Amino acid sequence: MTVADIGANIGFMAVHVGEAIGPEGTVLAFEPEPRNFALLAENARHARWRNVIPIEAAVGERAGTVTLYLSPRDSGDHRTVPGSGDRASTTVPCVALDELAARRRTAIHFAKMDIQGAEGQALRGMAATLRSPEFRGLVLEFWPDALRAAGEDPVAILAQIRDAGLRCTSHPAADADAAAFLEAIEPNGSRDLLFLRP
């Protein structure tokens with residue numbers, strides 16, 4: 001199994017996933033912020049199976065570079081989408097998951113995504129992966145206000161995942177009535193969603 005950890009931060013989840021999938025599996029751990037990446041790389045070196053591959057890049061719609069806006073207070077809140085207030089920024093590499101999978105000649109089987117509103121761009125860059133029968137599921141931090149700030153329609157994001165054949169098993173209302181599901185999320189609130197292929 002190959003798992004993509006998109007927004008890996010310092011690798012807490014990546015290392016745990018690597019432990020769960022065992023020595024025959026691989027975790028591709030994407031983190032664009034240099035200090036977080038250094039800690040991710042160190043944690044990957046200490047992973048039991050040495051099956052976590054740190055990749056210093058953001059994940060988006062296409063390969064290239066993007067601007068990363070840095071949070072002065074929260075190392076988990078760096079964004080490729082401009083936020084409110086003045087933030088220092090830096091240019092970082094960006095990859096599209098479909099292109100990376102094709103280059104590596106390996107299918108992606110599962111993904112975890114927490115990238116502060118840039119999920120729409122990343123999902124468009126993994127459209128073929130999402131539709132693949134080999135892709136079994138996705139854990140997604142769904143933050144409607146951050147998606148809107150990025151110019152995305154949160155209902156369309158849910159529809160894209162549903163149209164790829166995945167179902168939200170953690171919050172079935174996200175599939176049954178996306179608009180009502182959104183209304184039930186408090187302002188600036190988020191939900192962790194689990195999507196699986198039936």
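**View 1. Asn-9 in the loop between strand 1 and helix 1.** Asn-9 sits in the loop that lies between strand 1 and helix 1 (12-21), where helices (H or I, at least four residues) and strands (E, at least two) are DSSP runs numbered from the N terminus. Although Asn-9 is not a glycine, its phi is positive, at about 55°. Asn-9 is partly exposed, with a relative accessible area of 22%; buried means under 20% relative accessible area, exposed over 50%, and partly exposed in between (1.4 Å probe, protein chains only). This is a predicted model, in which local features need pLDDT of at least 70, side-chain atom pairs count only at pLDDT 80 or more, and totals for chains, interfaces and linings use all residues. Residues are numbered from 1 along each chain as its sequence is written, and side-chain values use heavy atoms, with hydrogens and water left out.

View 2. Leu-97, Leu-100 and Ala-101 are buried in helix 3. They lie on the same side of helix 3 because they cover an arc of only 100° around the axis, the arc being that of the directions from the helix axis to the C-beta atoms. The face turned away from this buried side carries the exposed residues Ala-102 and Arg-103. Just after helix 3, Arg-105 takes a positive phi of about 55°.

**View 3. Asn-188 in the loop between helix 9 (178-183) and strand 10 (191-196).** Asn-188, which is not a glycine, has a positive phi of about 65°.
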